[in-house]
4 protein chains.
Amino acid sequence: MSTSDWLRTEIGATTADSITIRGRDLAGELMGRITFTELAFLLVQGRMPTPEQARLLDAVLVSLADHGLTPTVLAARLTHTGAPESLQGAVAAGLLGAGSVFLGVVEDAAVFLAGIIAAAPTDSDADLGNAAAAAVAARLDSGRRIPGLGHPIHKVEDPRTPRMYAIAAESGVLEPNLRALRMVADAQAARTGRALPINGAGAAGAALADLGFAPAIVRGFALLARTAGVVAHLAEEMEHPLGMPLFRELDQRLAGEEP
Amino acid sequence: MSTSDWLRTEIGATTADSITIRGRDLAGELMGRITFTELAFLLVQGRMPTPEQARLLDAVLVSLADHGLTPTVLAARLTHTGAPESLQGAVAAGLLGAGSVFLGVVEDAAVFLAGIIAAAPTDSDADLGNAAAAAVAARLDSGRRIPGLGHPIHKVEDPRTPRMYAIAAESGVLEPNLRALRMVADAQAARTGRALPINGAGAAGAALADLGFAPAIVRGFALLARTAGVVAHLAEEMEHPLGMPLFRELDQRLAGEEP
Amino acid sequence: MSTSDWLRTEIGATTADSITIRGRDLAGELMGRITFTELAFLLVQGRMPTPEQARLLDAVLVSLADHGLTPTVLAARLTHTGAPESLQGAVAAGLLGAGSVFLGVVEDAAVFLAGIIAAAPTDSDADLGNAAAAAVAARLDSGRRIPGLGHPIHKVEDPRTPRMYAIAAESGVLEPNLRALRMVADAQAARTGRALPINGAGAAGAALADLGFAPAIVRGFALLARTAGVVAHLAEEMEHPLGMPLFRELDQRLAGEEP
Amino acid sequence: MSTSDWLRTEIGATTADSITIRGRDLAGELMGRITFTELAFLLVQGRMPTPEQARLLDAVLVSLADHGLTPTVLAARLTHTGAPESLQGAVAAGLLGAGSVFLGVVEDAAVFLAGIIAAAPTDSDADLGNAAAAAVAARLDSGRRIPGLGHPIHKVEDPRTPRMYAIAAESGVLEPNLRALRMVADAQAARTGRALPINGAGAAGAALADLGFAPAIVRGFALLARTAGVVAHLAEEMEHPLGMPLFRELDQRLAGEEP
């Protein structure tokens, strides 16, 4: 037992009269002094973001928080229909669908870009461009889609993308994932003859990578953002239930009745 | 079908070239201009917080985000041990334990205080104090604990509580739940002869209620805060696994071997 | 560490060349010799059921496994839409709605009946009837519904109920919860002048209690039964997706388009 | 709306006086006549199993139900510590870790064997053997493990495996996945010079495939089996809590105190 060196955490500690997070006193140094977004950055990376980094992370979280009545929001609201006493269960159900089809794109883009950056000898536009072209070609040749490009609704331009690039540029955090993602889009258009817009999830994944988050944890910030949206939908569900009437309508239609 | 008036949401909408949240253009009006905390307030309440309200909400979220290796964090890390490919599953597991024993206190306090405020003819100290004394007496007489008082570790004072009150006072948002909670603590001490500190969860619940959130959704903000902590622990788990060695140690101890 | 007497389980153990469950050799004594239902009984109670008890438990599980496109099944299928790579997440989402509104009735009935049986001096019809009448009166007087009675669709008779009573009678396991539940229904009809049928969930809860399960774990068997239904719906979802077209139809209707 | 042909399910239907599952009357034809295992087969495949198939499916479910205090069971018990009022949340947490590291092997083996069988011109031993050798070689050459072989504890033989083969042989259901799995083990031993035992999860996956289940749903039966084990552990947790003392011990060790 004396050698359980695995039993440790750098994140926080509590004693009878203090709570510390990443070595900072929670009550004295953090509460009232930093935003929740800055705390999330601090919790994961162990260091405080600059104001510019915090602004970009806020923009990422704001961009991912809500997308209306998505399948995952419907799952959360239908779960609340059956178990209104367990808000945490409804929120959990709302996160469980954040997989490969929807929010997974944020992580997929970050992983794809990390491979391109690792393959480029330097971060110069020329080297990144060559690496992007090679990665895009390899992926298209194997019949796979390019993560971060295209959107079922925003076919010409995802409105979140130029805004994210502008904020990153103002923040001076346009290095190198967001740059590489543009080269990916260019390489895709050149190779297929058909341009696809960079989608908001892809831009978010690139921005999170540029903020220093490992690709494997990038999806965690999409989940954090989505939690705010799910909580809002559950608050609305309490006032204007959608789950039960949806179930009833489907039940009537299944039975061949006019709903 | 024409009369499905249940099928609506006030939270957000998407068209081919715009995304709006609560009537505001996501890219143009929100990204880069508001924090994630302000967005969460806007999503749930449909209106923007004042800077003072945003600061208090940030303080609440910061105070609740992490408490070290709690049972729920352990559940999240052990879930990651078995399913590292599904980050959303590990985060969901980390939220499912946020029930009556731990985070439920945030909601319980808000519900208890709402009853006191509803019973008081006015928000004057005298009326709130009488209502608090009556509610505390009724609850103690039925053998139940007072939500928001006492803490297993912070026996004298929870360091988050005075800080929360100070921030609320600076924000001018000390009305009336946080005030009533102090009267609850006084009434409990007077009746039992033993003072218990207001705990951080109770102060957070009162602050959320003073910010205008319905008691039934207050737990949602505790879940939002906790998501950031769980994500941080999962990022740490990827680097320094705790789930597998914990399982192995327990397995060896069960088998009667020296771990 | 030497005194960690909490670290033990009576359920099972594994060594390099054997696996035992409740003291029985898994490969030699259980596989091929007992049904999964018998194993579930053994796992929870630590003893084997009689053939009659196993038949009744099978009937309970069969009766609770599927109810069509319920809100929880819809939640599971919509979760699969977003995360098809994580079957466990979709199954978990399908269980999270098994709360107070639907499956909770199984537990509520068992708890209510346990109170009646505890209040009756003996298990005689006269004593149980008196205790049932008193419990029903107290509950109706406080404006609450009687758990296990009434059904939104099966208004006259739930077809599962007489069948469950018949199987229990054949099994000789009609003591005393199922008997008390009939007295509850009689007392409710006598007091309100309007008979309500015993619903399938109530009969299942009473049967599980008569089989020796503690009220607090009764819901676990409803969850076990429901898992089979959810898995079947997810198998169907893989072949004939319902989640994505449902989302698309709602999205179009929200946008005011003809679906 | 008239064309919502996606809105249908073959699994079950309910009217005011009947409940049917796969076209069979629940009360009259299923309750009291079939086991829960037979129902699970019927729900997913739409047809009744033979007695031999039911016996093999029972053996699979029995073999997978419990493995002691695994990481997923620990996650379930720790979730119950924080939210004892929500049994469905604790069960869900216990399933969420059933991913790639543990139970995923059941699915991985079924997928791998399906590829071998599809590649073999016939089901003859010679053709299956050649296809197995090629698949094993390709997988080992790419540095990946063979699903279904090897076990951290049962290094020489997993006791469940010979028993599963014996039951399948008695049932006459040894075609062709279980046969192919043996050839996979032989090919692996021949190529690496080191024999690995077929593990219980691999044998279960092969048996489920031989029973006619698609590889993509095979994991669902592992989840069903595991639900019984998790429910049993939660029943034990209610009597002899392990979650809270485990948390407390870890907390003390983290603080450097003698537990």
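Trainee: How many residues does the contact take from chain B and from chain A?
Mentor: Keep in mind that this is a predicted model: local features need pLDDT of at least 70, side-chain atom pairs count only at pLDDT 80 or more, totals for chains, interfaces and linings use all residues, and side-chain values use heavy atoms, with hydrogens and water left out. For finding your way around, residues are numbered from 1 along each chain as its sequence is written, while chains are lettered from A and ligands numbered from 1 in the order in which they are written. Contact means heavy atoms within 4.5 Å. With that rule, chain B gives 83 residues and chain A gives 83 residues.

Trainee: Which residues in chain B lose the most area to chain A?
Mentor: Buried area is the accessible area (1.4 Å probe) that two parts lose on being put together, summed over both. For chain B and chain A it comes to about 7000 Å², with 73% from carbon and sulfur atoms. Three residues lose the most on the chain B side, together 11% of what that side buries: Trp6(B), Met31(B) and Phe36(B).

Trainee: How many salt bridges does the rule find across the interface of chain B and chain A?
Mentor: Polar contacts are there: 16 residue pairs, both at pLDDT 80 or more. A polar contact is a pair of N or O atoms within 3.5 Å; within protein, one must be able to donate a hydrogen and the other to accept it, and residues adjacent in sequence count only if both atoms are side-chain atoms. A salt bridge needs a side-chain nitrogen of Lys or Arg within 4 Å of a carboxyl oxygen of Asp or Glu. Across this interface, the number of salt bridges is zero.

Trainee: Now chain D: which helix gives the most to the side of chain B that touches chain D?
Mentor: This contact takes 32 residues from chain B and 32 residues from chain D. The two chains have ten residue pairs in polar contact, both at pLDDT 80 or more. H4 (71–82), H5 (87–96) and H12 (243–254) of chain B each supply at least two residues to that side; helices (H or I, at least four residues) and strands (E, at least two) are DSSP runs, numbered from the N terminus. With eight residues, the top contributor is H12(B).

Trainee: Which residue of chain D meets the side chain of Glu249(B) in a salt bridge?
Mentor: Chain B and chain D have two salt bridges between them. In one of them, at 2.8 Å from N to O, the partner of Glu249(B) is Arg253(D).

Trainee: Is helix H10 of chain B largely enclosed or left open, and why?
Mentor: Buried means under 20% relative accessible area, exposed over 50%, and partly exposed in between (1.4 Å probe, protein chains only). The cover over its buried residues includes H3 (51–64), H6 (104–119), H8 (160–171), H9 (177–192) and H11 (215–239) of chain B. Eleven of the eleven residues of H10(B), residues 200–210, are buried, so the rest of the structure leaves this helix largely enclosed.

Trainee: Which strands of chain C stand at the edges of the sheet?
Mentor: Chain C has an open sheet of three strands in the order S1-S2-S3, with antiparallel pairing. Two of these strands have a single partner each, so one side of each is left without a neighbour in the sheet: S1 (12–15) and S3 (24–25).

Trainee: Over in chain A, which residue in S2(A) is the bridge partner of Ala13(A)?
Mentor: Two strands pair if DSSP finds at least two bridges between them. S1 (12–15) and S2 (18–21) of chain A run antiparallel and are joined by four bridges. They form a hairpin with two residues between them. The partner of Ala13(A) is Thr20(A).
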